[in-house]
Amino acid sequence: MFEKIALVGIGLIGSSLARVIRREGLARHIAIATRSKATLKRAEELGLGDSYTTEAKEAARDADLVIISVPVGSSGEVAAEIAPALKKGAILTDVGSTKASVIAQIEPHVPDGVHFIPGHPLAGTEKSGPDAGFADLFDNRWCIFTPLPGTDPEALEKLSEFWRRCGSNIDTMDPQHHDMTLAIVSHLPHIIAYNIVGTADDLESVTKTEVIKYSASGFRDFTRLAASDPTMWRDVCLHNKDAILEMLARFSEDLASLQRAIRWGDGEKLFDLFTRTRAIRRSIIEAGQDIDVPDFGRQAVEHPGAKS
């Protein structure tokens, strides 16, 4: 699809893109840029690209598609660096999970004739770094675009087709709507996970014994989210703070209502809530966004060949 694709950032998303681009033959040349020499060396050892540099502008030079895959707080700095090297007609996109902030950071640096199309693949794991990526990461996952007014429809369709070939389903949203939606489906769950695991850690006498010992129950699922990259999630909180604070306020109100139901022994209200949330879980499975096997499929992953 492209002569040259530049990946600026080679963590989980960037390295997964490198692998699927190679597997599907989506580019003749994959240029990889990252500031960390150690990370760059590891990417080269893994054979993720065709050229490697610590200078983002060198990777972006003559690239037909440039994908910024760095923590959202660094987006503007990267855009400023690569702007002089971007060629006319190139497509510039990103993978950040906040969009209004990323647009505000990147758009002022985009040269005339370059197609800037903000994007966000809704895919990931708690792991990070070039070793964490895998080519199937985007299979049957959504990639959301938040196109700016005046976006070239041919460029948007070409980028959409690129992500389809990476395995993704495509949708478009207004940037503010995206940020509000992701605040509830992604950002808030991670914040709650970080908080509850932090609370457990504060209870040191328990954390070092029973909490770890019995973590196969619900606590383990929180620890998976809470193991996500600290830099990325720090930036998400700082760059989508309005939407996150609004959702936290709503969550706090609902939590207070739940607290009252427990205190006053309102079993009917508790049963109604748990029934409603169970239905949501089933709808997620029906939508193909998770699997319906015992223990969330862990047995199949951790013990291949084990019966579900």
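1. In which loop is Asn140 found? Asn140 sits in the loop between strand E7 (119–121) and E8; helices (H or I, at least four residues) and strands (E, at least two) are DSSP runs, numbered from the N terminus. Although not a glycine, Asn140 has a positive phi of about 55°. Asn140 is partly exposed, at a relative accessible area of 35%; buried means under 20%, exposed over 50%, and partly exposed in between (1.4 Å probe, protein chains only).

2. On the basis of the values: this is a predicted model, in which local features need pLDDT of at least 70 and side-chain atom pairs count only at pLDDT 80 or more, while totals for chains, interfaces and linings use all residues. Residues are numbered from 1 along each chain as its sequence is written, and side-chain values use heavy atoms, with hydrogens and water left out.

3. Asp62 belongs to the loop between helix H3 (56–60) and E4. Most residues other than glycine have a negative phi.

4. Beyond its neighbours within four places in sequence, Leu7 is in contact (heavy atoms within 4.5 Å) with residues including Leu17, Ile21, Ile30, Ile32 and Ile67.

5. Helix H11 (residues 241–263) packs against helix H12 (residues 267–286) at an angle of about 135°, with their axes 8 Å apart. Axes are lines fitted to C-alpha atoms, for helices over the stretch in contact, and angles run from 0 to 180 degrees between N-to-C directions. H11 is therefore oblique to H12, since angles under 35 degrees count as roughly parallel, over 145 as roughly antiparallel, 65 to 115 as roughly perpendicular and the rest as oblique. Ser257, Leu258, Ala261 and Ile262 of H11 meet Lys269, Leu270 and Leu273 of H12.

6. Buried residues of H11 are Ala243, Ile244, Met247, Ser257 and Ala261. Their cover includes helix H7 (175–202), helix H10 (230–239) and H12. Just after H11, Gly265 takes a positive phi of about 65°.
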